[in-house]
Amino acid sequence: PQRPLLSAPLALGAAPPTAGAPATPFGRIIAASVERGVRLRMRFALPGDTVVVPLALTDAATTFRYMWLRVADSSQVESTRPLTSAAALVAPGEPGFYRLALDRHGDRRIVDGVVLSVLVPFSEKKGPTLRGFRIGSYVGERLGGAARRALPEGFFPVDSAALALHVSDHLTLRDVLTTPDVDALGYPQYATLDLRLVEKLELVLREVERLTGGDVLPRLTVNSGFRPPSYNRTVRGAAPNSRHQYGDAADVRVDVNHDGRFSLAELRLVARAVSAVERAHPDLVGGLGLYTSKRYRSPYVHIDARGKTARWTG
């Protein structure tokens, strides 16, 4: 029979135990999914792909086995597998959201701090529909070359259990899927997300904090994140090939002083922060749109990670 999970999770990035602290049967997990100072708390993979999770164990990795548990109900999927020294894990074969658990001599613990999202491959998309749901068509589907190569790798299924999951320390999946019409239309059934956007938004927040010399991280609100092509067509003024459809763009407001408003001064500060982040991290270069027209209730900023510089006002 399957043993129950231990109540205490093993945390990625956990500090080494203090002197005299009792040893756990797992030793220590000391590596974290921290890159460029940003802790990414979600990974994406196609079914059966290799997933690298940076685990560093004091005990030999070969003494551990691993398994994937559904986020929704913690049930195990597929069989338990041996852990290799490279921590190269095989993603489950069915799309969904999963947590990683390790087993050593029958004792099991969930590895806290990272969730795996297994995608529905783009190849399953039939015309404007994916698994019976209409998401619309991309420009690249009717074009060749670079436009076709830029199509999303796949889509993750959106459910209520997934929306509360963190993609980084300050952003949840709900944040990056929000649109102005979410209350009326709900969230999309399938979505895609480029983690470069998540990194960029987190780095922009940190840069704004540095520029202001504050000791409280600004509050970021996403007005519009991922848009399926079918929804993007209904958005006034949206580009037919909008980056929002690729999961690497967001329209945001950044409240620096936590007064509940986003001023023109804050907008200019965010623009400076975006440029500074792009200079420091060229792989995060992308679009910056400043929207200040009086037809908007308050100004906002478009930020994306398209891979080439673009600037505009609206």
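Visitor: What makes Lys-200 and Glu-278 a salt bridge?

Guide: Their side chains meet with N and O 2.6 Å apart. The cut-off is 4 Å, so the pair counts as a salt bridge. Keep in mind that this is a predicted model.

Visitor: Why is this pair said to tie parts of the chain together?

Guide: Look at where each partner lies. Lys-200 is in helix H5 (residues 195–212) and Glu-278 is in helix H7 (residues 264–280). These parts are 78 residues apart in sequence, so the pair ties them together.

Visitor: How do you know whether Lys-200 is buried or exposed?

Guide: Its relative accessible area is 0%. Buried means under 20%, so Lys-200 is buried.

Visitor: And Glu-278, buried or exposed?

Guide: Glu-278 has 7% relative accessibility. That value is under 20%, so Glu-278 counts as buried.

Visitor: How do you know that the length of H5 agrees with its number of residues?

Guide: H5 has 18 residues, and at 1.5 Å a residue they should span 26 Å. The end C-alpha atoms of H5 are 26 Å apart, which agrees.

Visitor: What follows H5?

Guide: Gly-213 does, and its phi is positive, near 70°.

Visitor: What makes Glu-207 count as buried?

Guide: Glu-207 lies in helix H5. Its relative accessibility is 15%, under the 20% limit, so it counts as buried. Leaving out residues up to four places away in sequence, Glu-207 touches Ala-273, Ala-276 and Val-277.

Visitor: How many salt bridges are there by this rule?

Guide: The count comes to 15. One of them joins Glu-94 and Arg-131, with N to O at 3.6 Å. That is within 4 Å, so it passes. Glu-94 lies in the loop between strands E8 (88–90) and E9 (96–104), and Arg-131 in the loop between E12 (129–130) and E13 (133–134), so the pair ties together parts 37 residues apart in sequence.

Visitor: What makes Arg-306 and Asp-304 a salt bridge?

Guide: Their closest N and O atoms are 2.7 Å apart. The limit is 4 Å, so the pair qualifies. Asp-304 is buried at 0%, whereas Arg-306 is partly exposed at 28%.

Visitor: Which residues are linked in a network of salt bridges?

Guide: Arg-39, Arg-41 and Asp-169 are.

Visitor: Why is the pair Tyr-296 and Tyr-300 called edge-to-face?

Guide: Their ring centres are 5.3 Å apart, with 75° between the planes. Tyr-300 is at 13% relative accessibility, so it counts as buried.

Visitor: How many aromatic pairs are there by this rule?

Guide: There are 11. Phe-122, Tyr-138, Phe-155 and Tyr-246 form one aromatic cluster.

Visitor: How many residues does the largest nonpolar core have?

Guide: It has 57. Phe-97, Phe-156 and Val-270 are among those with the most contacts inside it. H5 gives the largest share, eight residues. A second, separate core of 20 residues includes Phe-64, Leu-83, Tyr-98 and Val-118.

Visitor: What makes E11 and E15 edge strands?

Guide: The open sheet has three strands in the order E11-E14-E15, with antiparallel pairing. Strand E11 (120–121) and strand E15 (190–191) each pair on one side only.

Visitor: How do you know that E14 and E15 pair?

Guide: Pairing needs at least two bridges. Strand E14 (residues 154–157) and E15 have two, in the antiparallel sense, so they pair. Pro-157 stands opposite Tyr-190 in E15.

Conventions
Residues numbered from 1 in each chain as written. Predicted model: local features only at pLDDT ≥ 70, side-chain atom pairs only at ≥ 80, totals over all residues. Heavy atoms only, no water. Helix = DSSP H or I, 4+ residues; strand = E, 2+ residues; numbered from the N terminus. Buried < 20%, exposed > 50% of the residue type's maximum accessible area, 1.4 Å probe, protein only. Expected span 1.5 Å × (residues − 1). Contact = heavy atoms within 4.5 Å. Core = buried A, V, L, I, M, F, W, Y, C linked by side-chain atoms within 4.5 Å. Phe/Tyr/Trp six-rings, centres within 6.5 Å; stacked < 30°, edge-to-face > 60°.
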